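Here is a short briefing to read alongside the model.

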Amino acid sequence: MSFPFSDDHDMIREAVRGVLQDAYDGGKGPEHIYKSGAGYDAELWTSFAQDLGMAGIAIDEAYGGAALGDLGRVVIMEELGASLASIPFSPCSTIASDMIAGVGSDEAKEEWLPKIAAGEAIFAYTDGHHALTVEGGKLSGRVNMVLYGAQADVLLMSFRDGDKFKLIGIPQGVKGYGAETVETMDPTRSFSNITLQDVMMKDVMHLGEGTPEQFDAIVKTSFIGLAAECVGGAQKALDMTLEYLGQRVQFGRPIASFQAIKHRAADMYIAIEAARNAVYAAAMAEGDDKVEAALIAKAYASDAFFDVAGHAIQLHGGIGFTWEYPLHYFFKRARANRAVFGQSAREYERLATILLGEAA
């Protein structure tokens, strides 16, 4: 299967890889972020979003974006996975921008999409379907584990209103808004618990509305970006492993020459290539096929990343378990990605429902 990557995609990949690998600095970048305790690199985000102009890669040209769609976004997410860069491209430039573009009002699109594309505003997203209450014109509730929630200028939330879902935006800093960062197994990303206590509805932005099916489709297609990040992380783990296998000598020859080692490396490569094809196919899919393809990509790529990162640590032997060697950051990202939006078993169940209908 061929994929229609253009010269623009290749140029973007090369530019993004250069910036992000410089920041990665052989593993010193993730180590620096871990020691900072912030899970966020503000300087890198400014360089990436404003100087390189990558925050609007999939946003329509009418709103200042590059309009390169999911394929453009996949290119960037692969490089983010390979560098573990601590910047809020996901969720700001994936699910949040897609929510505004998909169900936002014309006014919301005109106000916020150009700011996201220019790197002037950070958005996070979480659903508040079972977490929010509105009484007496005041909004209250609590949501946990919001990706880059503490750094977001605006927190997007969706909640049910009759047979519709509404999309609202809550600016950080309004009275009653609280964000508490949470320590997780993955120190290269920031997660927060958000508390809303009697936030005045007049301070809440009403950005749009849609059907539950529209919201669900946007959430599921955002899985493509996460799956691409998994492919990038898995590829980096494999590259580190192949370099080590060619250098490490046992019994007078490189361990890369041992049959069991070669077979394990080949299995890792096959898993990555299968995941990569699933991600690219999902990025190219249209209509209802896109949701199904996104489920396949997320389920397969997140499992593949976890398996590859685990094998990579085993093949490195003792050094793979040391804190100083950066491979453990990829294993932790792989483990965390398996849980984002639910374990892969959830996607397989959704696919079974699509395939088998009520019989599933």
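The structure holds 18 salt bridges, a salt bridge being a side-chain nitrogen of Lys or Arg within 4 Å of a carboxyl oxygen of Asp or Glu. Please keep in mind that this is a predicted model, in which local features need pLDDT of at least 70 and side-chain atom pairs count only at pLDDT 80 or more, while totals for chains, interfaces and linings use all residues. Residues are numbered from 1 along each chain as its sequence is written, and side-chain values use heavy atoms, with hydrogens and water left out.

**Salt bridges**

- Lys-166 and Glu-209 meet through their side chains in a salt bridge, at 3.0 Å from N to O.
- Lys-166 belongs to strand β5 (residues 164–171) and Glu-209 to strand β8 (residues 205–210), so this pair ties together parts that are 43 residues apart in sequence.
- Lys-166 counts as partly exposed at 22% relative accessibility, and Glu-209 is also partly exposed, at 40%; here buried means under 20% relative accessible area, exposed over 50%, and partly exposed in between (1.4 Å probe, protein chains only).
- Asp-186 pairs with Arg-189, with their closest N and O atoms 3.1 Å apart, and both residues are buried.
- Within helix α7 (residues 212–221), Lys-220 and Asp-216 sit 4 residues apart, about one turn of the helix, and their side chains form a salt bridge of 2.5 Å, N to O.
- Lys-220 is buried at 11% relative accessibility, whereas Asp-216 is partly exposed at 37%.
- A network of salt bridges links Arg-13, Arg-17, Glu-78, Glu-79, Glu-273 and Arg-276.

**Charge**

- The protein has 30 positive and 49 negative charges, and their mean positions are 7 Å apart. Lys and Arg count as positive and Asp and Glu as negative, without His and the chain ends; each charge is placed at NZ of Lys, CZ of Arg, CG of Asp or CD of Glu.

**Overall fold**

- The protein contains 12 helices and 10 strands, taken as DSSP runs (helices H or I, at least four residues; strands E, at least two) and numbered from the N terminus.
- The C-alpha trace spans about 75 × 50 × 40 Å along its principal axes.
- Of the 360 residues, 52% count as buried.
- Among contacts with a separation of 6 or more, 73% come from residues 24 or more positions apart, where contact means heavy atoms within 4.5 Å.
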